[in-house]
Amino acid sequence: MDFYRGMWYNLSVKILGIETSCDETAAAIVEDGAKILSNVVVSQIDIFKEYGGVIPEVAARSHLEAMMPVVNKALSDASCTWDDIDAIAVTHAPGLLGSLLIGTLTARTLAVLHNKPLYAVHHLKSHVYANWLTDGPIPEFPLLALVISGGHTQILYMPGHNQFEIIGTTHDDAVGECFDKVAKILGLSYPGGPSIAKAALKGDASKYKFPHPKVEGLDFSFSGLKTAVLRAVQKDVGVPISYPSHQLMGLLSEQQVSDFAASFQRTAVEILAEKMEMARREHPEVKSIVVAGGVSANEELRKVFKDAFFPVPSLSGDNGAMVGTAAYYEIQSGVKPTDPYTLNIYPRVSIEN
Ligand code: KG4
Ligand code: ZN
């Protein structure tokens, strides 16, 4: 392996990707940005199910416990030693501060200890690059990416590798957050996305009508949809709007829960589809549509966005493989490694820079 001016000159590049931005402790080894040699994800979902959401302090402590065993398992699953690793990549921003610190401090220490170049990768970039982890066709540029996670809802224009322009974003809640909050109203377990999708299978999606937000251009708003569901549930069970939302679940029948889940899910998917259709009309030159982030696991969405690229379902959520792939394309684009001693001093919060 030769490393010169930010470019690799050998054919096989193995990158260790580390991800700890929220409640998954993850590490993976990816070869040439495409082939997964190992992919270890330890989820904290079982801890947070009880609370209905992530507690940042608890998440950071869990990362601390799991981090090194996860990294060591990623190495052993890939039959790699540190000598085989060409670079370390880590999620740098955005995310929960305590969680990010565990991943970045681990990566910084390992980079110094094993003398490896370190790449600090933006989390949303990694989600987009999960679409390159496939044996099938890969997206072509220019492309439009819909990034939908628990913290973000953005439409990105990508003229080429590692080039991002945000052309649409949410004014308030992210769509994943909306799934999580509606699930809570309906008494479904955390995380809300998969619970709503499951309940919706037995529901009538045309039972309740929810308004689409009137937001200009390619931007989104999801907080109104969450409130619209809350008001409809209160009306259906005959309680005033002052009635506490956390007490509603006991008043709903299983069929009502399913019907609300299906109607909400359909509305959320329609809103995303409308904005992507508008983006496509504004950018007729695009060759691919890419969907990324935790919400991209949603089956209804996959049915509606027929011609779009989606990550393989197991890579829709947070994982280290997508971090390794994103770093690979940063390297190919001439990005220099980060100084492991100064990382975190100037966090990059936007994907655009
Ligand atoms: O990308 P991700 O794993 O973490 C963040 O970067 O935020 O996304 C998590 C979000 C959660 O809000 C979760 O409810 C949602 O993705 N999600 C889904 C599905 N699976 C996960 N939303 C809708 N349908 C799903 N099947
Ligand atoms: Zn994520």
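**Exercise 1. Find how many aromatic pairs the structure holds, and classify two of them.**

Solution. The structure holds eight aromatic pairs. The model is predicted, so to speak of local features we need pLDDT of at least 70, side-chain atom pairs count only at pLDDT 80 or more, and totals for chains, interfaces and linings use all residues. Residues are numbered from 1 along each chain as its sequence is written, chains are lettered from A and ligands numbered from 1 in the order in which they are written, and side-chain values use heavy atoms, with hydrogens and water left out.

Step 1: Rings of Phe, Tyr and Trp (its six-membered ring) pair if their centres lie within 6.5 Å; planes under 30 degrees apart are stacked, over 60 edge-to-face, and the rest tilted.

Step 2: take phenylalanine 220 and phenylalanine 222. Their centres are 6.1 Å apart with 20° between the planes, a stacked pair. Phenylalanine 220 is buried at 1% relative accessibility, and phenylalanine 222 is buried at 0% (buried means under 20% relative accessible area, exposed over 50%, partly exposed in between, with a 1.4 Å probe and protein chains only).

Step 3: Tyr328 and Tyr329 belong to one aromatic cluster along with Tyr129, Trp132 and Phe141.

**Exercise 2. Work out which protein atoms are donors of the zinc ion (ligand 2).**

Solution. Step 1: donors are N, O and S atoms within 2.8 Å of the metal (3.2 Å for Na, K and Ca); water is not among the atoms, so sites may look incomplete.

Step 1: His123 (NE2), His127 (NE2) and Asp318 (OD) lie 2.0 to 2.1 Å from the zinc ion, with the spacing H-x3-H-x190-D along the chain.

Step 2: Histidine 127 is in helix 4 (residues 123-129) and aspartate 318 in the loop between helix 9 (299-304) and helix 10 (321-332), so the pair ties together parts 191 residues apart in sequence. Helices here are DSSP runs (H or I, at least four residues), numbered from the N terminus.

Step 3: check burial. Histidine 127 is buried at 1%, and aspartate 318 is buried at 14%.

Technical notes. Helices (H or I, at least four residues) and strands (E, at least two) are DSSP runs, numbered from the N terminus.
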